[in-house]
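Good morning, and thank you for coming. Please look at the sequence and the structure as I bring them up.

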Amino acid sequence: MKRPLRTTLTALAAGLALAAGLAAPAGAAPAHPQHPGHPAHPTHPGRPGHPAHPHRAAGAAETVAAMQPGWNLGNSLDSVGPDETAWGNPRVTPELLAAVKDEGFRSIRVPVTWDDHQGGAPDYAIETDYLDRVEEVVDQALAEDLYVLLDLHHDSWIWANAMSSDPDGVRDRFRATWEQLADRFRDHPAELLFESLNEPQFADVDDAQGDVLLDDLNTVFHEVVRASGGGNADRVLVLPTLHTNAGQERLDALAGTIAELDDPQLAATVHYYGYWPFSVNVAGGTRFDDVALADMTGTFDRVRSMFVDQGIPVVLGEYGLLGFDRHTGTIEQGEKLKFFEELGHQARDAGVTTMLWDNGQHLDRTGFTWSDPELWAQVSSSWTTRSGTASTDQVFVRPGDVAAQTVTLEPHGTRLEGLFLDGEPVAAADAAVAGDEVTFSAAYLERLIGDASPGAHATIEARFSAGVPWRIHVIAADTPVLADATGTVAGGVSIPARFRGDRLATMASVYADGSGAGPQSWTPFQEFDASFAPDEEAGAVLLRPAYLATLRDGEPVSLTFHFWSGDTVEYTVTRSGDTVTGTVAR
């Protein structure tokens with residue numbers, strides 16, 4: 001189940017990355033400190049049968065470092081609805097949390113949306129059954145020796161964002177909510193951390209005013225938790241920037257709050273979903289290129305300089321790619337792997353603890369398997385080492401016109417140990433290595449595609465001295481062929497397509513005057529899957545209703561479909577009322 005809010009937050013980010021920082025301490029992730037009392041699990045006084053853990057204060061930096069790496073229990077307790085299954089995920093089980101630990105995670109962020117489970121003013125009482133269930137999940141995670149980060153999640157946009165118009169009402173509800181949580185979790189161990197508010201945002205104010213409002217709430221949060229005593233007197237508290245954005249002004253504002261609070265047990269948090277055009281595949285952002293890399297590097301540099309170097313630990317509370325909220329195929333496989341490899345490296349280098357956002361699209365919550373093992377291998381490897389990558393993971397071969405092709409390796413400080421096909425070394429005559437360039441001979445590529453039927457015929461592994469291998473797929477492909485089509489704005493248009501082994505990368509959409517046509521009218525290149533999508537199984541390119549609804553009536557739109565081989569196909573669509581006609585350029 002996709003998280004509905006993410007696209008809204010993307011718009012708030014003004015076309016750039018939702019900010020973040022990321023990293024884990026350089027080198028291997030630190031071991032867990034010992035958790036006194038965990039094996040015996042005595043009970044809380046006054047709560048028969050309830051597991052307890054003696055509180056053990058540790059420095060904020062030590063605690064946050066020990067949390068690396070972390071995982072988000074997304075779209076469960078944060079769901080907006082009657083219970084944790086409202087957004088399609090199953091009920092959280094101890095077996096799931098054990099699987100998370102077994103996969104190498106050392107912490108879990110438990111996002112919780114409290115709104116549907118709270119009464120009205122003045123008490124804003126949280127339903128006892130719901131609070132009990134949240135505590136149960138927290139305790140099950142602690143029992144697995146996982147650190148836990150608990151927050152107020154979608155409450156940020158459901159009611160807390162009204163603080164600009166109702167400051168007293170929002171402040172009172174925020175205070176009452178944290179008073180109840182602080183009371184319930186007062187005696188929990190130091191391995192439980194609190195995060196004041198997920199992705200804070202405020203309606204009808206600019207970001208400078210939003211910073212002031214967030215400072216108010218973060219200060220209330222700190223005051224309430226510390227005043228509750230017990231383990232909360234020195235529990236690590238995690239404070240977000242506005243929008244959890246890592247722009248310099250947002251970091252400056254949070255740094256000011258932290259300085260004013262003068263509490264050594266504070267940590268900062270930001271999120272990172274990458275350079276926005278790449279993260280959702282819009283505006284031609286099909287590759288993890290130098291622009292996307294610079295965005296990531298700038299984020300980590302700022303976070304390290306502003307906080308980590310000043311002794312304030314940073315939690316990258318969420319990271320991933322925004323396109324994953326539609327499906328993980330929105331970003332081409334090799335490009336997404338390069339993003340996660342680089343992110344893990346920069347996170348370790350900057351000393352930031354990372355928590356992977358997973359709303360159910362990565363780790364299956366009943367079978368405990370990864371939907372994309374190749375992606376998981378890259379993510380988990382990046383916690384401790386670099387992996388070699390390359391300029392592409394796709395080599396397209398045109399049957400009847402086969403030419404030698406060169407792929408540029410990106411070793412990232414590793415050493416190429418060899419190229420392998422089906423476990424056997426590839427001969428130097430077939431793949432010549434010169435520096436970081438590998439040139440596959442025409443004769444070799446012709447042998448690999450065999451009968452030249454469309455599609456992937458072979459996968460060559462580039463193995464490096466560290467990390468996971470880089471896989472290069474050899475694909476027989478010819479220029480795709482589209483056909484005329486009709487459809488409706490409401491129902492969409494399905495353009496018959498023979499992909500002939502090729503893969504769709506992006507779609508440009510312009511009016512006769514050259515202006516962009518579609519929801520993203522500021523660019524010719526529309527958003528992958530949101531405006532258009534390939535359906536290779538059905539043999540079609542789909543034009544989505546959301547895209548068609550924005551087209552001007554009676555004005556032909558020129559489409560250019562760009563494929564990963566480099567081929568392009570021209571097409572024209574015209575809207576007339578609710579009817580849409582599509583024709584192949586002739």
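This is a predicted model: local features need pLDDT of at least 70, side-chain atom pairs count only at pLDDT 80 or more; totals for chains, interfaces and linings use all residues.

Let us apply the term to helix H8, residues 248-261, and helix H10, residues 290-306. The crossing of H8 and H10 is right-handed. Their axes come within 11 Å and cross at roughly 20 degrees. Angles under 35 degrees count as roughly parallel, and H8 and H10 are therefore roughly parallel to each other. Which residues meet here? On the side of H8 they are Gln 248, Leu 251, Asp 252 and Ala 255, and on the side of H10 they are Arg 302, Val 303 and Met 306. Sorted by class, this contact of H8 with H10 holds 4 nonpolar, 1 polar and 2 charged residues.

A second pair is formed by helix H6, residues 167-184, and helix H7, residues 207-227. The axes of H6 and H7 come within 9 Å, with a crossing angle of roughly 30 degrees. That angle makes H6 roughly parallel to H7. The crossing of H6 and H7 is again right-handed. From H6, the contact involves Arg 171, Phe 174, Arg 175, Trp 178, Glu 179 and Ala 182. From H7, it involves Asp 216, Leu 217, Val 220, Phe 221, Glu 223, Val 224 and Val 225. The residues of this contact divide into 8 nonpolar and 5 charged, with no polar ones.

Is Ser 196 buried or exposed? Ser 196 counts as buried, because its relative accessibility is 1%. Leaving aside residues up to four places away in sequence, Ser 196 touches Leu 152, Phe 174, Trp 178, Asn 218, Phe 221, Val 238, Leu 239 and Pro 240. Phe 174 and Trp 178 of H6, and Phe 221 of H7, also take part in the contact of the two helices.

The next residue is Glu 342, in helix H11, residues 333-350. Glu 342 is buried, with a relative accessible area of 10%. With residues up to four places away in sequence not counted, Glu 342 touches Phe 288, Leu 293, Met 296, Arg 386 and His 412. With which side chain does the side chain of Glu 342 make a polar contact? The partner is the side chain of Arg 386, at 2.8 Å. Glu 342 and Thr 297 are 45 residues apart along the chain, and their C-alpha atoms are separated by 9.3 Å.

Helix H3, residues 94-102, shows where buried residues of a helix can pack. In H3, Leu 96, Leu 97, Ala 98, Ala 99 and Val 100 are buried. The buried residues of H3 pack against strand E3 (70-72), strand E4 (107-110) and helix H4 (128-143). Just after H3, Gly 104 takes a positive phi of about 105 degrees.

That brings me to the backbone. Most residues other than glycine have a negative phi, and most peptide bonds are trans. Asn 75 is not a glycine, and its phi is a positive value near 60 degrees. Asn 75 is found in the loop between E3 and H3, and it is buried, with a relative accessible area of 0%. Asn 281, in the loop between helix H9 (276-280) and H10, likewise has a positive phi of about 60 degrees although it is not a glycine. Asn 281 counts as buried, at 4% relative accessibility.

Where are cis peptide bonds found? One runs from Gln 68 to Pro 69, with omega near 0 degrees, and Pro 69 lies in the loop between helix H2 (60-66) and E3. Another joins Ala 121 and Pro 122, with omega of about 0 degrees; Pro 122 is found in the loop between E4 and H4.

Asn 245 is buried, with a relative accessible area of 15%. A polar atom of its side chain lies 2.6 Å from the backbone nitrogen of Gly 247. Thank you for your attention.

Methods:
Residues are numbered from 1 along each chain as its sequence is written. Side-chain values use heavy atoms; hydrogens and water are left out. Axes are lines fitted to C-alpha atoms, for helices over the stretch in contact, and angles run from 0 to 180 degrees between N-to-C directions. Helices (H or I, at least four residues) and strands (E, at least two) are DSSP runs, numbered from the N terminus. Angles under 35 degrees count as roughly parallel, over 145 as roughly antiparallel, 65 to 115 as roughly perpendicular and the rest as oblique. A crossing is left-handed if the near helix is turned anticlockwise from the far one by less than a right angle, and right-handed if clockwise. Contact means heavy atoms within 4.5 Å. Ala, Val, Leu, Ile, Met, Phe, Trp, Tyr, Cys and Pro count as nonpolar, Asp, Glu, Lys and Arg as charged, and the others, Gly among them, as polar. Buried means under 20% relative accessible area, exposed over 50%, partly exposed in between (1.4 Å probe, protein chains only). A polar contact is a pair of N or O atoms within 3.5 Å; within protein, one must be able to donate a hydrogen and the other to accept it, and residues adjacent in sequence count only if both atoms are side-chain atoms.
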